[in-house]
Structure formats: C-alpha cells, structure tokens
Amino acid sequence: MTQVSSLEEKFLQVIDAEDKIEPKDWMPEEYRKTLIRQISQHAHSEIVGMLPEGNWITRAPSLKRKLALLAKVQDEAGHGLYLYSACETLGIDRETLLEQLHTGKAKYSSIFNYPTLTWADMGAIGWLVDGAAIMNQVPLCRCSYGPYARAMVRVCKEESFHQRQGYEIMTVLAKGSAEQKAMAQDALNRWWWPSLMMFGPNDSDSTHSEMSIRWKIKRFSNDELRQRFVDMTIPQADLLGLTVPDPMLKYNEAKKGYDFGPIDWDEFWNVVKGNGPCNEERLNARVKAHENGSWVREAAAAYAQKQAQIHNISKTA
Amino acid sequence: MDQHRRKFILQWADNAMILGQRLSEWCGHGPVLEQDIALTNIALDLIGEARYLYQLLAKEEGGLVTEDDYPFLRKEQAFYNLLLVEQPNEDWAFTIVRQCIFDHFHFHFLMEMKNSADPALAAIAEKTLKEARYHLKYSSEWLIRLGDGTDESHKKMQHALHNMVKFVGEAYEPVEADVAMWQAGIGPDLTKLKDKAISDLKQVVAQSTLDWPNQQFGRTGGKNGSHSEHLGYILATMQYMQRSYPGVEW
C-alpha cells in the first residue's frame, strides 16, 4: 500500500465515523480545493450580499426597521469574516480570495445580482433568500471539515433570525394598505424563481455533487433541498395571502409535497455568466470599496510596523 | 412640555440620528471588513441613542406622536443637529476626522449629562456613555494611526482636518436652550466642557503628528435649525418612505 492511499484510507475513516477533519490533518488535494471553492464562494456571497440590502438602509421606513436592517447587514459582514477565516485554515489568504472575487475568478451567489427595488424586497430577501440559504446551510453544520462546520453553526443561528425578521416585514405589508400588499406581492413575484435557483442546477446537471456527498461536505442533493424549501415556503405564502408566481404549482398527495413548474435555467446561467441586472454594479461596488480602502490598509500596516519598532527599541534599550 | 427642554433633547437626538444615518452609508463599502463592522456598530449605537430620546419625547408629548415622527416627518429647519454631523462622508479620512471631533464632544457631554437633575435624561446618558467611550477610543486611535501612518494617509488626514475644523466650535456655543438647561441644572456648562474636550482633542491631533489648523472662523447655525445644504438631501433619502406612503405601519 502506498503512503498516500493509506493516508486517504485514514481520511475516509474519519469521514465515515462522522468525525471532523481539522486544518492540520492530511486531506486529498481535491477535498481542499473543493472546500476552498465552496467556502470562499460562500464568504463572497455574504459580502456581496450586503449590497442589495445595504441599498435600503438609508431609506428604511422606521427607526426599528433601520436598526434591524443595519444589524442584519452587519451580521452578513460578520459571516463573511468567519468564513474567510475558515477558508484561511486551508492555506489561502484573504487577500488572494478577494482578488479572485474582484477579477471574477471566484463566484458568489447569483441571487445578489438582482436589484432591490422596493422596501418589500427587504422582506422577501429575508424570508426567501435567507430561507433558502438556511435550507442549504443547516446540513453544512455537520460538514466533515471542522472549521467550516463550526462557522456554520453560528451563521445558521443568525440566518434563522434574519429569516423570521424578513417574514415579519412581509406580514406587516400583507396586512397593510392595498399599496403595501401589492408591494409585497410584487417582491414575491420577482424573488421567487431566483430563490429556487439558489439551490443550483438539477441533480442531473450538477458537476460537483457526487464527491462532495462522499466526503460529507454536502449531505443532500440540490433537488432534495429545493423540494424541501418549496414545501416549507408555500404554506407561509398562503398564510400571508400572497400567491407564488407558478401556475403549475400543485400539491401532490402521493409524494406529500408540491410539484412545481420548470426553472428557467437559461436565465440562471445567463446571470451566472455575468449578464444579470446588477452583476457589474455589485462587483464594481466591491472593487471600489477595496481600492478606496487601500491607503487605509497601507497606513494601518505602516503604523503597526512603526509601533513594533518603537516597542523593540524600548525593549532592547 | 418646557420648550427649551424639548429643543435641548432634539439637539442631542438629532446629532446622534444624523451622524448615525451618515455612518450607515458606509455599510458594505468600508475599507476592510473589520472596519465596516466597527463603523456600523457606531451607527447602530448612535441611532439607538437617538431612538431612546425620541421615545422619551413621544411619551412625554402624550402619545400623539410616535418615535418615528421626529426623524421622518420634521422639515430641515426643525432639525437641531450640529453642522458637523451632516457633513458628507467623503472618504475614510473625513469620516474619521468628523467622528473624532464629534466623539470628543459627545463623550464629555454624556459625562456631564449622567449627573443631570433630569432623571430620564441622566438615565439615557448613563446607558449610552459606555458606547460613547468606545467610539472616542476608536476614532482617536484611527486618527493617530492614519495621521502617523504613511505620507499619503497623513496628507489625506491633514486635508480632512483642515476642512472640518470650522465645525469644531459649534457644539460648545450655547444657544438659548443650552443656557436654560444649564441654569436648570439639567444641561452642562458648555464653556467648561469645551476646555476639557478641545484640549483632549488637540492632544490626540498632536499625537497623530497632524497640525491643528489655524482657523478663526467657526460655522454655526445647526442648533437653531439653520443648516448646510447637505441636510436636505439626507432627509430626502431618510424620509422617502414615510413621505411617499403617509400614515401606514411598517
């Protein structure tokens, strides 16, 4: 038996025993790469995801909503921070990861390439987008890679709070004036299909799934999670008195779940490839923040270095 | 309610509100993730502080108005915040300089207010003082770090300080409401407060290796509702929803 295969065997034993792989453990190169891709994509999604909601902070309609939205967007920055840190344990630094985002080499969730056009979008994003994210992320709390799993425990707690907050915004709108109700329905119409797309391509077209499931990075397939999301969300929409924009949606007694219409995968791939309504705006905003911040980061580093020198001199003196 | 007290509370609340609104513009656009989070924290603290004060006023005004009526339904001239806090973010240098100038006033103001003869106001000061102390530490450290960082950062900070120094004095110039509140034992003696706060501020500036600009003329007016052109735009954004959809719940 070669050394690698015995290491690999040990690695798989850890996975099969539902134990965690830790940063210093041996891992197949492909496992490391898959995790870097997935965790960084997740971190980037948190950071880019601050923008569509950030768009409404200065216009939030009440003090309570303004504080909640501000805190929510700040939580996303916090999630980005844990996830970049988790990713760094795999031997790649944040600067490199950001460069991959800024050059378009790394992806982020396509949902954030849609615009936030009304206040109701703050409700719909919380309810649907965070709802879909939780569906994807709860199983990641049991992911085989320890630092990622632990980060996700914290992320999921906060996300479920955001989801309730979003649904509560929708509830107030749905019970409000005719104009508010129309605003809520319009937001649902625009966010429904992109939310379903968040689970990724159908299982038959998903390229990364099989190995991820073997390595217990992923626990359920895209289609399984999408189905769960639909089954969870439809009764919530009913409760709001809003209509999901899918004429083919129908409860299927036999499978105890909803059948739903086909997803427009052309739209999905089009947005992934950069042709969504806000791809350029989102990326430009991130690049601009990073570039405008470079003198600040450089100055902070220079100051820290000066302080360290002063400290050293005083220590040797 | 005593009109001087009402106006004094609004001056305090509007400072926190408008600066919080300004800082919240940074959310998602900060120079580095950690500072994006830190600045948003300050925004949250300040808007939270404004909210306590607006809630107090709403309660005292007999339930005819809500906390939201104050920030979202008043016109420019009924806002009494300092001109300082409505100045644009421009860049991180302006933002830090503005913050550090404000924090020096705010911290010393709250230190006095916690001993106010008005128990409701003293309680709010006590509650928010811990946060204000942290803000002061944060902005002072950044002022020093960037003043004494690179040549480029030094230049940017000096430029920002040069532009902002004319807004330092207004906080300490008593208007009628300040005088009335001081005489009633509710508000601080601004002249005394000025000595402490400005001398601390100048010390931080000296430590940052920046020069204190030689500027005689100070801008005032905000505390009496006479603002810069910026406030109208802040309100146009902030009040957009309440103005577009009057009288509904959110």
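**The contact between the chains**

Modeller: Between chain B and chain A there are two salt bridges, a salt bridge being a side-chain nitrogen of Lys or Arg within 4 Å of a carboxyl oxygen of Asp or Glu. This is a predicted model, in which local features need pLDDT of at least 70 and side-chain atom pairs count only at pLDDT 80 or more, while totals for chains, interfaces and linings use all residues. Residues are numbered from 1 along each chain as its sequence is written, chains are lettered from A and ligands numbered from 1 in the order in which they are written, and side-chain values use heavy atoms, with hydrogens and water left out.

B:Glu34 and A:Arg94 are joined by a salt bridge between their side chains, at 2.4 Å from N to O. Polar contacts between chain B and chain A come to 13 residue pairs, both residues at pLDDT 80 or more. A polar contact is a pair of N or O atoms within 3.5 Å; within protein, one must be able to donate a hydrogen and the other to accept it, and residues adjacent in sequence count only if both atoms are side-chain atoms.

On the side of chain B that touches chain A, the helix α2(B) gives the most, with twelve residues. Helices here are DSSP runs (H or I, at least four residues), numbered from the N terminus. That side of chain B divides into 23 nonpolar, 13 polar and twelve charged residues. Nonpolar covers Ala, Val, Leu, Ile, Met, Phe, Trp, Tyr, Cys and Pro, charged covers Asp, Glu, Lys and Arg, and the others, Gly among them, count as polar.

Counted by contact (heavy atoms within 4.5 Å), chain B brings 48 residues and chain A brings 45 residues. Some 4000 Å² (about) is buried between chain B and chain A, with 71% of it from carbon and sulfur atoms. Buried area is the accessible area (1.4 Å probe) that two parts lose on being put together, summed over both.

A:Lys306 is found in helix α13 of chain A, residues 294-316. With a relative accessible area of 29%, A:Lys306 is partly exposed, a class between buried (under 20%) and exposed (over 50%), with a 1.4 Å probe and protein chains only. Beyond residues up to four places away in sequence, A:Lys306 touches B:Asp148 and B:Gly149. A polar atom of the A:Lys306 side chain lies 2.7 Å from the backbone oxygen of B:Asp148 and one lies 3.1 Å from that of B:Gly149.

Methods: Helices (H or I, at least four residues) and strands (E, at least two) are DSSP runs, numbered from the N terminus.
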